[in-house]
Amino acid sequence: MATVQDEARAALTACLGRVALRDRTALRELYQRTSAKLFAICLRILSDGTEAEDVLQEVYLTVWDKAGQFDAARGLSPITWLAAITRNRALDRLRARGRRFAGLDEAAEVADLAPLADQALQDGETTARLAACLAGLDERAAAAIKAAFFGGQTYETLARLADMPLGSMKSLIRRGLLRLKACLES
Amino acid sequence: MSTETPDDDELAALAGEAALGLLDAATVAELRGRDGRFDEAVRAWQARLMPLAAELTPIAPPAGVWRAVEAAITPAAPKRPGFWRGFGLGAAAMAAAAGVLLAVLPRGAIPGQNSVATLNLTTGGAFVATARATATGVVMVVTPAGVTVPADKSDELWLILPNQKPRALGLLTGSGAVAMNLPASEIAGPLAAVKLAVSVEPPGGSPTGVATGPVIGAAVFTPAPGENSTF
């Protein structure tokens, strides 16, 4: 089971290596392997087909430019790196639309993901684990964390949507985050 | 909010809120300044949460997206100024890329042409380094071929320029390619004069900045055979 994931990961890593050398066929292969996954992220965040297509195009041009910054030796999974670029670009687009999105700034820069020495980023396994840990949280906490992740929502918006006082929403999310971390690390 | 260093739970909660985009920029700046561990904690949260994005049901984008990408990366295509600005490449960088390219390239390196160094290892297998001069230096990808790095060791790559001490470039793995950028300031001179070497080091690499273990492979760059520029 892990073999298929390892192979996919190795293939994507090799692809990114060739893209760093400006190999256009490698970018095409990368696009074929990953564009449906990344387009889903764009659509989920932007809820608008045309904007999602624009951002997806930007993402691959960013990758064309920055593939050399992907550092497989640090243990970062290539699809996680690509997903992070996509989410950042899509949230940038949301912010440009005038909706509030604040806070990450430099901390959200893609390059900052590079030094992440997390050997546990085995895609399928990590996804299943996160889903299991989220399922163990208070339903409202899990829903709010997902909404914030994809939407760049404010605490105020989240509280209004859930019909909860602001303070309750804050402690719900903070408790949820700590439980999530404990669950993922257990 | 206290001005003391937050304890571990407080740090984790704040970093999680930052990774979700729930804190305003001023608060994030203050937290980064107050606790050196904050950035790392935010990155850890990004890695924890990113599977949320990866688990979405894939949706194939319309074919026009790839055509637009392809047009933008094909040399004949007109440059889109907005695009380049978006990546922080100003007019000066554009000028450098277009006109003054040769001035900053390592001598003897032809833009767009790949050079290859094959490091056959005494322990079996080889690392193949493919390098290419760019406007800002050299970009290099090192691909393993049949290499097994023992679990309790690291294979470390060294750059050796004439009359200079070897410099550590990073760790190599047997499982995937590693890409690295070498700025022009660090690799002036013809690529043919550049030698690469691999040594066996403790996990994580040489603790001293000097190779401490046996050198198991070394090679110089030669132009890639039959190389056609793709740029």
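**Two chains in contact**

Author: Gladly! Helix 8 (residues 166-185) of chain A packs on helix 3 (residues 38-49) of chain B at an angle of about 75°, and their axes lie 12 Å apart. Helices here are DSSP runs of H or I with at least four residues, numbered from the N terminus. Axes are lines fitted to C-alpha atoms over the stretch in contact, and angles run from 0 to 180 degrees between N-to-C directions. This is a predicted model, where local features need pLDDT of at least 70 and side-chain atom pairs count only at pLDDT 80 or more, while totals for chains, interfaces and linings use all residues. Residues are numbered from 1 along each chain as its sequence is written, chains are lettered from A in the order in which they are written, and side-chain values use heavy atoms, leaving out hydrogens and water.

Reader: What makes helix 8 of chain A roughly perpendicular to helix 3 of chain B?

Author: Angles of 65 to 115 degrees count as roughly perpendicular, under 35 as roughly parallel, over 145 as roughly antiparallel and the rest as oblique. The angle is about 75°, so helix 8 of chain A is roughly perpendicular to helix 3 of chain B.

Reader: Which residues make the contact of these two helices?

Author: Contact means heavy atoms within 4.5 Å. Helix 8 of chain A brings A:Leu177, A:Leu180, A:Lys181, A:Leu184 and A:Glu185, and helix 3 of chain B brings B:Trp45, B:Arg48 and B:Leu49.

Reader: Why is the pairing of A:Arg28 and B:Glu70 called a salt bridge?

Author: A salt bridge needs a side-chain nitrogen of Lys or Arg within 4 Å of a carboxyl oxygen of Asp or Glu. The side chains of A:Arg28 and B:Glu70 meet at 3.6 Å, N to O, so this pair qualifies. Between chain B and chain A the count is four salt bridges, and over all chains 17 are found.

Reader: What about A:Arg33 and A:Glu29?

Author: Their side chains meet at 3.1 Å, N to O, also in a salt bridge. Both residues lie in helix 2 (residues 24-46) of chain A, four residues apart, about one turn of the helix.

Reader: How many residues does each chain bring to the contact?

Author: Chain B gives 65 residues and chain A gives 77 residues.
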